[in-house]
Amino acid sequence: MYAKFHSIGAYVPSKILTNQDLEKMVDTSDEWIVKRTGIKERHIAEEHEVTSDMGAKAGAKAIQRAGLEAKDIDLVVCATVTPDYFNMPSTACIISTKLGICNVQAFDISAACSGFVYALSVAKAFVESGMKKHVLIIGAEKFSSIVDYTDRGTCILFGDGAGAAVISATDDKSEAIIDIHASADGSYADFLVTPAPGSVHPFSQKSLDEGLNFVKMKGNETFKLAVKTLTQDVKHILEKNHISSSDIPHFIPHQANYRIIKAVGDALHMKEEQVVLTVHKYGNTSAASIPMAINDIYESKRLQKGELMLLDTFGGGLTWASAIVPFAGAGLED
(Lines give C-alpha, C1' and ligand atoms only; values in the text may rest on other atoms or scores of the structure.)
Protein backbone atom coordinates (compact mmCIF):
# COMPACT_ATOMS: atom_id res chain seq x y z
CA MET A 1 0.00 0.00 0.00
CA TYR A 2 1.27 3.45 -0.96
CA ALA A 3 0.26 7.02 -0.09
CA LYS A 4 -0.60 9.47 -2.85
CA PHE A 5 -1.08 13.24 -2.93
CA HIS A 6 -4.71 13.09 -3.98
CA SER A 7 -5.88 16.72 -4.08
CA ILE A 8 -5.16 20.30 -3.08
CA GLY A 9 -7.25 23.23 -1.87
CA ALA A 10 -6.69 26.64 -0.32
CA TYR A 11 -8.45 29.62 1.17
CA VAL A 12 -7.17 33.20 1.19
CA PRO A 13 -8.89 36.01 3.13
CA SER A 14 -10.19 38.85 0.99
CA LYS A 15 -8.65 41.70 2.99
CA ILE A 16 -5.27 42.84 1.61
CA LEU A 17 -2.56 44.65 3.56
CA THR A 18 -0.22 46.38 1.11
CA ASN A 19 3.25 47.78 1.64
CA GLN A 20 1.73 51.23 1.25
CA ASP A 21 -0.60 50.44 4.16
CA LEU A 22 2.39 49.44 6.28
CA GLU A 23 4.16 52.69 5.43
CA LYS A 24 1.43 54.43 7.45
CA MET A 25 1.90 52.07 10.43
CA VAL A 26 5.67 51.69 10.89
CA ASP A 27 8.91 53.26 9.71
CA THR A 28 9.28 51.38 6.43
CA SER A 29 8.74 51.79 2.70
CA ASP A 30 7.46 49.75 -0.21
CA GLU A 31 10.91 49.93 -1.84
CA TRP A 32 12.66 48.65 1.31
CA ILE A 33 10.20 45.77 1.82
CA VAL A 34 10.31 44.60 -1.81
CA LYS A 35 14.10 44.82 -1.97
CA ARG A 36 14.63 42.83 1.23
CA THR A 37 11.78 40.32 0.99
CA GLY A 38 10.05 40.41 -2.39
CA ILE A 39 6.71 40.88 -0.63
CA LYS A 40 4.25 43.39 -2.09
CA GLU A 41 1.10 42.49 -0.16
CA ARG A 42 -0.33 39.95 2.24
CA HIS A 43 -3.88 38.84 3.06
CA ILE A 44 -5.26 39.41 6.54
CA ALA A 45 -8.21 37.58 8.11
CA GLU A 46 -11.15 39.56 9.43
CA GLU A 47 -11.38 39.96 13.20
CA HIS A 48 -14.15 37.37 13.43
CA GLU A 49 -12.39 34.94 11.06
CA VAL A 50 -10.32 32.37 12.95
CA THR A 51 -7.79 29.73 11.97
CA SER A 52 -10.32 26.89 11.91
CA ASP A 53 -12.63 28.88 9.59
CA MET A 54 -9.86 29.20 7.02
CA GLY A 55 -8.71 25.61 7.51
CA ALA A 56 -12.24 24.27 7.05
CA LYS A 57 -12.73 26.19 3.79
CA ALA A 58 -9.44 24.89 2.39
CA GLY A 59 -10.24 21.38 3.61
CA ALA A 60 -13.69 21.36 2.03
CA LYS A 61 -12.17 22.25 -1.33
CA ALA A 62 -9.51 19.52 -1.05
CA ILE A 63 -12.13 16.89 -0.17
CA GLN A 64 -14.37 17.93 -3.06
CA ARG A 65 -11.48 17.91 -5.55
CA ALA A 66 -10.53 14.39 -4.40
CA GLY A 67 -14.03 13.25 -5.32
CA LEU A 68 -14.72 12.34 -1.71
CA GLU A 69 -17.18 13.25 1.03
CA ALA A 70 -16.61 14.16 4.65
CA LYS A 71 -17.55 10.63 5.72
CA ASP A 72 -14.61 9.23 3.72
CA ILE A 73 -11.97 11.09 5.78
CA ASP A 74 -10.58 8.97 8.62
CA LEU A 75 -7.89 11.28 10.03
CA VAL A 76 -7.50 15.08 10.25
CA VAL A 77 -4.13 16.67 10.98
CA CYS A 78 -3.78 20.44 11.26
CA ALA A 79 -0.39 22.15 11.23
CA THR A 80 -0.56 25.55 12.91
CA VAL A 81 1.20 27.83 15.38
CA THR A 82 -1.84 30.11 15.60
CA PRO A 83 -4.53 27.72 16.89
CA ASP A 84 -8.04 28.83 17.74
CA TYR A 85 -7.33 28.18 21.41
CA PHE A 86 -4.17 27.97 23.48
CA ASN A 87 -3.38 24.29 24.05
CA MET A 88 -6.90 22.81 23.79
CA PRO A 89 -9.09 21.92 22.06
CA SER A 90 -7.01 21.29 18.96
CA THR A 91 -7.83 23.28 15.84
CA ALA A 92 -8.08 19.97 13.96
CA CYS A 93 -11.01 18.99 16.18
CA ILE A 94 -12.78 22.27 15.45
CA ILE A 95 -12.15 21.94 11.71
CA SER A 96 -13.48 18.38 11.74
CA THR A 97 -16.75 19.54 13.28
CA LYS A 98 -17.08 22.42 10.81
CA LEU A 99 -16.62 19.95 7.93
CA GLY A 100 -19.04 17.37 9.34
CA ILE A 101 -16.26 14.82 9.90
CA CYS A 102 -17.42 12.81 12.89
CA ASN A 103 -15.83 10.30 15.22
CA VAL A 104 -12.38 10.20 13.62
CA GLN A 105 -8.91 10.92 14.98
CA ALA A 106 -7.91 14.60 14.81
CA PHE A 107 -4.91 16.45 16.19
CA ASP A 108 -2.62 19.44 15.66
CA ILE A 109 1.10 19.48 15.09
CA SER A 110 3.41 22.41 15.79
CA ALA A 111 6.39 22.72 13.44
CA ALA A 112 5.89 26.35 12.37
CA CYS A 113 6.60 26.90 8.66
CA SER A 114 7.57 23.23 8.22
CA GLY A 115 4.20 22.12 9.56
CA PHE A 116 2.52 21.08 6.31
CA VAL A 117 5.39 18.83 5.20
CA TYR A 118 5.57 17.41 8.73
CA ALA A 119 1.83 16.65 8.43
CA LEU A 120 2.47 15.07 5.03
CA SER A 121 5.00 12.71 6.62
CA VAL A 122 2.47 11.77 9.32
CA ALA A 123 -0.24 11.10 6.73
CA LYS A 124 2.12 9.00 4.62
CA ALA A 125 3.00 6.85 7.62
CA PHE A 126 -0.64 6.33 8.63
CA VAL A 127 -1.68 5.39 5.10
CA GLU A 128 1.25 3.10 4.36
CA SER A 129 0.76 1.29 7.68
CA GLY A 130 -2.81 0.50 6.64
CA MET A 131 -4.29 2.37 9.60
CA LYS A 132 -5.98 5.09 7.51
CA LYS A 133 -7.26 5.38 3.95
CA HIS A 134 -7.95 9.08 3.39
CA VAL A 135 -6.12 11.66 5.53
CA LEU A 136 -6.94 15.37 5.42
CA ILE A 137 -3.88 17.49 6.18
CA ILE A 138 -4.19 21.23 6.68
CA GLY A 139 -1.80 24.12 7.13
CA ALA A 140 -3.72 27.08 8.52
CA GLU A 141 -2.51 30.29 10.10
CA LYS A 142 -3.95 33.52 11.39
CA PHE A 143 -0.47 34.93 11.85
CA SER A 144 -1.85 38.44 12.19
CA SER A 145 -3.03 37.39 15.66
CA ILE A 146 0.57 37.08 16.92
CA VAL A 147 2.24 39.89 14.96
CA ASP A 148 3.22 43.18 16.60
CA TYR A 149 2.35 45.81 14.01
CA THR A 150 4.79 48.25 15.60
CA ASP A 151 7.72 45.88 14.92
CA ARG A 152 8.84 46.47 11.35
CA GLY A 153 11.16 43.46 11.46
CA THR A 154 8.21 41.05 11.60
CA CYS A 155 4.99 42.84 10.62
CA ILE A 156 6.10 43.22 7.00
CA LEU A 157 6.59 39.48 6.59
CA PHE A 158 3.51 37.58 7.64
CA GLY A 159 0.04 36.98 6.25
CA ASP A 160 -2.97 34.75 6.86
CA GLY A 161 -4.43 31.83 4.92
CA ALA A 162 -4.88 28.08 4.72
CA GLY A 163 -4.08 25.18 2.43
CA ALA A 164 -5.17 21.57 2.57
CA ALA A 165 -4.59 18.25 0.84
CA VAL A 166 -6.07 14.77 0.91
CA ILE A 167 -3.50 11.97 1.15
CA SER A 168 -5.04 8.68 0.06
CA ALA A 169 -4.13 5.01 -0.21
CA THR A 170 -3.21 3.60 -3.62
CA ASP A 171 -1.77 0.36 -4.98
CA ASP A 172 -0.28 2.23 -7.96
CA LYS A 173 3.39 2.82 -7.19
CA SER A 174 3.67 5.49 -9.90
CA GLU A 175 1.31 7.68 -7.81
CA ALA A 176 3.17 7.15 -4.55
CA ILE A 177 4.86 9.88 -2.53
CA ILE A 178 8.52 9.15 -3.25
CA ASP A 179 10.30 10.43 -0.14
CA ILE A 180 10.05 12.86 2.76
CA HIS A 181 12.82 14.20 4.98
CA ALA A 182 11.89 16.02 8.19
CA SER A 183 14.21 17.11 10.96
CA ALA A 184 14.77 19.63 13.76
CA ASP A 185 17.42 21.26 15.95
CA GLY A 186 16.15 22.84 19.15
CA SER A 187 19.49 24.51 19.88
CA TYR A 188 18.30 27.31 17.57
CA ALA A 189 14.94 27.67 19.29
CA ASP A 190 15.43 31.37 20.05
CA PHE A 191 15.79 32.27 16.36
CA LEU A 192 12.00 32.28 15.91
CA VAL A 193 9.77 32.14 18.97
CA THR A 194 6.49 33.29 20.48
CA PRO A 195 7.51 33.56 24.16
CA ALA A 196 4.09 33.65 25.85
CA PRO A 197 1.85 32.26 27.08
CA GLY A 198 3.53 29.03 28.08
CA SER A 199 5.19 27.38 31.06
CA VAL A 200 8.30 29.54 30.59
CA HIS A 201 6.27 32.75 30.55
CA PRO A 202 2.79 32.04 31.95
CA PHE A 203 0.02 34.46 31.08
CA SER A 204 0.36 37.65 33.10
CA GLN A 205 -0.01 41.37 32.76
CA LYS A 206 3.79 41.57 32.73
CA SER A 207 4.06 39.27 29.69
CA LEU A 208 1.43 41.37 27.88
CA ASP A 209 3.17 44.63 28.73
CA GLU A 210 6.45 43.22 27.38
CA GLY A 211 4.77 42.00 24.18
CA LEU A 212 5.79 38.38 24.77
CA ASN A 213 2.59 37.20 23.10
CA PHE A 214 3.98 38.37 19.74
CA VAL A 215 6.35 36.49 17.45
CA LYS A 216 10.04 37.36 17.87
CA MET A 217 12.63 36.66 15.19
CA LYS A 218 16.38 36.97 14.75
CA GLY A 219 16.14 37.88 11.08
CA ASN A 220 19.76 37.85 9.91
CA GLU A 221 20.65 34.64 11.73
CA THR A 222 17.52 32.90 10.48
CA PHE A 223 18.18 33.99 6.88
CA LYS A 224 21.72 32.59 6.80
CA LEU A 225 20.79 29.27 8.40
CA ALA A 226 17.70 28.88 6.19
CA VAL A 227 19.67 29.17 2.93
CA LYS A 228 22.31 26.68 4.11
CA THR A 229 19.86 24.14 5.54
CA LEU A 230 17.31 24.25 2.71
CA THR A 231 20.00 23.78 0.08
CA GLN A 232 21.69 20.89 1.86
CA ASP A 233 18.42 19.08 2.56
CA VAL A 234 17.22 19.29 -1.04
CA LYS A 235 20.56 18.12 -2.41
CA HIS A 236 20.44 15.15 -0.05
CA ILE A 237 16.90 14.04 -0.91
CA LEU A 238 17.56 14.36 -4.66
CA GLU A 239 20.82 12.39 -4.46
CA LYS A 240 19.24 9.70 -2.29
CA ASN A 241 16.48 9.14 -4.84
CA HIS A 242 18.72 9.51 -7.92
CA ILE A 243 16.73 12.46 -9.22
CA SER A 244 18.27 15.50 -10.89
CA SER A 245 17.03 19.01 -10.20
CA SER A 246 16.33 19.27 -13.94
CA ASP A 247 13.77 16.46 -13.56
CA ILE A 248 11.63 18.59 -11.22
CA PRO A 249 9.01 20.71 -13.02
CA HIS A 250 7.77 22.31 -9.79
CA PHE A 251 10.18 23.38 -7.04
CA ILE A 252 7.91 24.67 -4.27
CA PRO A 253 9.89 26.23 -1.43
CA HIS A 254 8.46 27.82 1.69
CA GLN A 255 7.42 31.33 0.73
CA ALA A 256 9.24 33.32 3.41
CA ASN A 257 11.56 35.65 1.54
CA TYR A 258 12.39 36.02 -2.14
CA ARG A 259 16.10 36.36 -1.43
CA ILE A 260 16.12 32.99 0.37
CA ILE A 261 14.17 31.34 -2.46
CA LYS A 262 16.49 32.85 -5.08
CA ALA A 263 19.64 31.79 -3.22
CA VAL A 264 18.42 28.21 -2.79
CA GLY A 265 17.15 27.96 -6.37
CA ASP A 266 20.45 29.21 -7.74
CA ALA A 267 22.44 26.77 -5.57
CA LEU A 268 20.32 23.92 -6.95
CA HIS A 269 20.65 25.19 -10.56
CA MET A 270 16.88 25.59 -10.86
CA LYS A 271 15.56 27.51 -13.85
CA GLU A 272 13.19 30.39 -13.22
CA GLU A 273 10.22 28.47 -14.65
CA GLN A 274 10.80 25.61 -12.20
CA VAL A 275 10.54 27.77 -9.07
CA VAL A 276 7.05 28.48 -7.74
CA LEU A 277 6.70 32.00 -6.31
CA THR A 278 3.76 33.38 -4.34
CA VAL A 279 5.61 35.33 -1.64
CA HIS A 280 4.95 38.62 -3.44
CA LYS A 281 1.18 38.36 -2.98
CA TYR A 282 0.76 36.33 0.23
CA GLY A 283 3.88 37.00 2.29
CA ASN A 284 4.90 34.30 4.75
CA THR A 285 1.85 32.28 5.78
CA SER A 286 3.88 29.76 7.82
CA ALA A 287 2.34 26.25 7.70
CA ALA A 288 -0.11 27.39 5.00
CA SER A 289 2.66 28.61 2.68
CA ILE A 290 3.44 25.46 0.70
CA PRO A 291 -0.13 24.18 0.18
CA MET A 292 -1.23 27.68 -0.86
CA ALA A 293 1.60 27.75 -3.41
CA ILE A 294 0.65 24.29 -4.71
CA ASN A 295 -2.95 25.45 -5.03
CA ASP A 296 -1.83 28.49 -6.99
CA ILE A 297 -0.14 26.44 -9.71
CA TYR A 298 -3.04 23.97 -9.66
CA GLU A 299 -5.66 26.66 -10.19
CA SER A 300 -3.57 28.27 -12.93
CA LYS A 301 -3.47 24.84 -14.62
CA ARG A 302 0.32 24.63 -14.42
CA LEU A 303 0.17 21.50 -12.22
CA GLN A 304 -0.92 18.34 -14.01
CA LYS A 305 -1.41 14.76 -12.89
CA GLY A 306 1.84 12.83 -12.57
CA GLU A 307 4.12 15.86 -12.41
CA LEU A 308 6.77 15.93 -9.69
CA MET A 309 6.75 18.51 -6.93
CA LEU A 310 9.81 19.17 -4.79
CA LEU A 311 8.76 20.71 -1.49
CA ASP A 312 11.29 22.46 0.74
CA THR A 313 10.64 24.28 4.00
CA PHE A 314 12.23 25.73 7.11
CA GLY A 315 10.67 27.11 10.28
CA GLY A 316 10.75 27.81 13.98
CA GLY A 317 11.98 25.04 16.20
CA LEU A 318 14.14 25.07 14.28
CA THR A 319 12.49 22.61 11.91
CA TRP A 320 13.02 21.79 8.26
CA ALA A 321 11.64 19.32 5.76
CA SER A 322 11.69 18.36 2.09
CA ALA A 323 9.61 16.00 -0.01
CA ILE A 324 9.46 14.59 -3.53
CA VAL A 325 5.83 14.13 -4.44
CA PRO A 326 4.05 13.29 -7.72
CA PHE A 327 0.71 15.04 -7.99
CA ALA A 328 -1.88 12.28 -8.23
CA GLY A 329 -5.02 14.38 -8.55
CA ALA A 330 -7.10 15.24 -11.57
CA GLY A 331 -6.29 18.42 -13.47
CA LEU A 332 -8.56 21.37 -12.77
CA GLU A 333 -9.97 21.29 -16.29
CA ASP A 334 -11.24 17.77 -15.58
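Which residue forms a salt bridge with Lys-4? In this predicted model, in which local features need pLDDT of at least 70 and side-chain atom pairs count only at pLDDT 80 or more, totals for chains, interfaces and linings use all residues. Residues are numbered from 1 along each chain as its sequence is written, and side-chain values use heavy atoms, with hydrogens and water left out.

The partner of Lys-4 is Glu-175, with the closest N and O atoms 3.8 Å apart; a salt bridge is defined here as a side-chain nitrogen of Lys or Arg within 4 Å of a carboxyl oxygen of Asp or Glu. Because Lys-4 belongs to strand 1 (residues 2–11) and Glu-175 to the loop between strand 7 (160–170) and strand 8 (179–184), the pair ties together parts that are 171 residues apart in sequence. Helices (H or I, at least four residues) and strands (E, at least two) are DSSP runs, numbered from the N terminus. Both Lys-4 and Glu-175 are buried, where buried denotes under 20% relative accessible area, exposed over 50%, and partly exposed in between (1.4 Å probe, protein chains only). For Glu-175, the relative accessible area is 14%.

Contacts, defined as heavy atoms within 4.5 Å, are made by Glu-175 with Ala-3, Lys-4, Thr-170, Lys-305, Pro-326 and Ala-328, not counting residues up to four places away in sequence. With Thr-170, a side-chain to side-chain polar contact of 2.8 Å is formed by Glu-175. A polar contact is a pair of N or O atoms within 3.5 Å; within protein, one must be able to donate a hydrogen and the other to accept it, and residues adjacent in sequence count only if both atoms are side-chain atoms. The C-alpha atoms of Glu-175 and Val-325 are separated by 8.6 Å, although the two residues are 150 apart along the chain.

Strand 1, which carries Lys-4, is mostly covered, 9 of its 10 residues being buried. Strand 1 pairs with strand 7 in the antiparallel sense over 9 bridges, pairing requiring that DSSP finds at least two bridges between two strands. Within this arrangement, Phe-5 stands opposite Ile-167 in strand 7.

In total, 14 salt bridges were counted. A further one joins Glu-299 to Lys-61, with the closest N and O atoms 3.9 Å apart. This pair links distant parts of the chain, Glu-299 lying in helix 11 (residues 289–299) and Lys-61 in helix 3 (residues 51–65), 238 residues apart. Glu-299 is partly exposed at 36% relative accessibility, and Lys-61 is likewise partly exposed, at 30%. Lys-124 and Glu-128 also meet in a salt bridge (3.2 Å, N to O); these residues are 4 apart in helix 5 (residues 115–128) and so are separated by about one helical turn. Lys-124 is buried at 18% relative accessibility, whereas Glu-128 is partly exposed at 32%. Salt bridges that share partners join Lys-4, Glu-175 and Lys-305 into one network.

The largest nonpolar core contains 39 residues, with Phe-251 and Leu-310 making the most contacts inside it. Such a core is a set of buried Ala, Val, Leu, Ile, Met, Phe, Trp, Tyr and Cys residues joined through side-chain atoms within 4.5 Å. Two or more residues are given to this core by helix 8 (219–240), helix 9 (258–267), strand 12 (308–315) and strand 13 (319–326), and helix 8 gives the most, with 7 residues. Among the residues touched by Leu-310 are Val-234, Ile-237, His-250, Phe-251 and Ile-324. Apart from this core lies another, of 37 residues, including Val-117, Val-127, Ile-297 and Ala-321.
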